[in-house]
Number of protein chains: 2
Amino acid sequence: MAKTHYSRFDCQPGCSVEAAVSLISGKWKCVVLWYLLEEGTLRFNELRRRINTITPRMLTHQLRELEADGLIHREVHAQVPPKVEYSLTARGRELTPILMALKAWGDAHIDLFGSKGTAGKPFTTASGEQK
Amino acid sequence: MAKTHYSRFDCQPGCSVEAAVSLISGKWKCVVLWYLLEEGTLRFNELRRRINTITPRMLTHQLRELEADGLIHREVHAQVPPKVEYSLTARGRELTPILMALKAWGDAHIDLFGSKGTAGKPFTTASGEQK
DNA sequence: CTGTATCCTGATGGATACTG
DNA sequence: CAGTATCCATCAGGATACAG
């Protein structure tokens, strides 16, 4: 059951914080979570096209970890051609305040990162997302 | 100034989120931030004793990264023996809501991590911390 | 007291090509 | 369409010893 790849937490103050951080600290995880939060359900190649610089290997890998950590749901439709849909679990959706807080902080201090405007998308609180 | 070790953010949705995450995703960073948030100012060995399984090399490393990212302040007192004090910057203190949100989520879903109770310290909102 | 210097291992992330 | 298979570079993190 979802043993996290991140090996150990020493259960000091900040333990559960580190545990939570470790679940979203993969290279593409935030982006994936963000898209799923915004768009609800996406197929493998839909995600791939949206991220576009990600390799299939990495996308698979990140998706599998997110799934193992109980943050996303993977639904395979038995048909030809294959159809696999990804969506957030309830647990994953509960990350929303964290992602928002992170984005708020990141946007406020974006100067630290060498002027990379984030440009568009202020995150529309995902249309009909609050199940 | 403060070029982050994490090489690149593709500035897609989730970009600033990833940027923010990368600043706190070091192995001991959350713990360090947490202690500084709780206790205000700590010396090198005070942090070391509190974390206790951390090696001096790692502590130095994490502290330097946090400093480079503008989250903590390092104050050297020119005296013998040396005295170096670490504290949060305003920017670092602004991480509080994030850390709290992460802890809340982590505590709520702690079962995912293989039953590690977090035990004590529910984080007392740091005694006199709100400068 | 507050660190550095070396050396080392495993995990992370990526390029490229191939498959049911 | 939705992935696997290989191979490879880099880096985060740690053990141990030493230093100003």
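Is B:Asn52 buried or exposed? With 53% relative accessibility, B:Asn52 counts as exposed (over 50% relative accessible area, while buried means under 20% and partly exposed lies in between, using a 1.4 Å probe and protein chains only). Keep in mind that this is a predicted model, where local features need pLDDT of at least 70, side-chain atom pairs count only at pLDDT 80 or more, and totals for chains, interfaces and linings use all residues. Residues are numbered from 1 along each chain as its sequence is written, chains are lettered from A and ligands numbered from 1 in the order in which they are written, and side-chain values use heavy atoms, with hydrogens and water left out.

Here are some backbone spots to look up.

**Positive phi**
- Most residues other than glycine have a negative phi, and most peptide bonds are trans.
- A:Asn52 isn't a glycine, yet its phi is positive, at about 65 degrees.
- You'll find A:Asn52 in the chain A loop between α3 (44–51) and α4 (56–68); helices (H or I, at least four residues) and strands (E, at least two) are DSSP runs, numbered from the N terminus.
- A:Asn52 counts as exposed, at 53% relative accessibility.
- Over in chain B, B:Asn52 has a positive phi near 65 degrees, and B:Asn52 sits in the loop between α3 (44–51) and α4 (56–68).

**Cis peptide bonds**
- In chain A, the bond from A:Val80 to A:Pro81 is cis, with omega near 0 degrees.
- A:Pro81 belongs to the loop between β2 (72–77) and β3 (83–88) of chain A.
- B:Val80 and B:Pro81 are joined by a cis peptide bond, with omega about 0 degrees.
- For B:Pro81, look in the chain B loop between β2 (72–77) and β3 (83–88).
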